[in-house]
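Hello,

Here is the structure for you to look at. Open it first, then read my notes below.

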Amino acid sequence: EAHTLGARMQRGLKRACDEAEAPVKCCWGGELAGFTTCAPVKPMSGAFTEHFCADCREGTIFVPASRIRIVEVGNELANTQAGGLWNVPARSCASGLASRRTLLPAHRIVNQTKCCSGAKLAILKDETPHALPGLSPLPVAMQDSSIGFKVGRTLKPVVAIPLPLQGGATPDST
């Protein structure tokens, strides 16, 4: 029993040292919203919420609607497990061609977990006027605004965003 207790104490000490050495990073909420006033964060795990400062976790993160697209129904876009906020496009070394998934500019897929309702969304790192494969624009009435998001297991919009119609159009984008 003493041996087990000693091993547990050593693991606890190692975990405390690892946490003390965890790198300080920029808050993902600040990166998404485009401001630098967030406190730095020190993620203690890979959990999504660990990458946001307390203000962003408790408040609402506003993202310009010009950087938000609706992921079309049937499109299997997902976040990579690369450890950063943005899914970054990559080209195939062999052919020089990118797959449909990697044709997109840097983005984050949100509102995508099974506990979410409404449309799955892609937040683009930078604005683009170009049509993007598998993505539809927000409804016209939302395009000149900012959309608020709450932090949970993913980002969830605070307003309902309708699912796109067949062919990618949203109810009032035609």
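**Cysteines**

The sulfur of C27 has its closest cysteine sulfur in C56, 3.7 Å away, which is too far for a bond. This is a predicted model: local features need pLDDT of at least 70, side-chain atom pairs count only at pLDDT 80 or more, and totals for chains, interfaces and linings use all residues. Residues are numbered from 1 along each chain as its sequence is written, and side-chain values use heavy atoms, with hydrogens and water left out.

A disulfide is a covalent bond between the sulfur atoms of two cysteines. The cut-off here is a pair of cysteine sulfur atoms within 2.5 Å. The structure has zero disulfides. C38 is in none either; its nearest cysteine sulfur belongs to C56, at 3.6 Å. C27 is buried, with a relative accessible area of 4%. (Buried means under 20% relative accessible area, with a 1.4 Å probe and protein chains only.)

**The sheet**

Three strands form an open sheet in the order β1-β6-β7, with antiparallel pairing. Strands are DSSP runs of E, at least two residues, numbered from the N terminus. Two strands pair if DSSP finds at least two bridges between them. β1 (61-64) and β7 (155-157) are at the edges with a single partner strand each, so one side of each has no neighbour in the sheet. β1 pairs with β6 (residues 146-151) over four bridges, in the antiparallel sense. There, F62 stands opposite G148 in β6.

N111 lies in the loop between β3 (107-110) and β4 (121-124). N111 is not a glycine, yet its phi is positive, about 55°. N111 is also buried, at 5% relative accessibility.

Best wishes

How values were computed. Buried means under 20% relative accessible area, exposed over 50%, partly exposed in between (1.4 Å probe, protein chains only).
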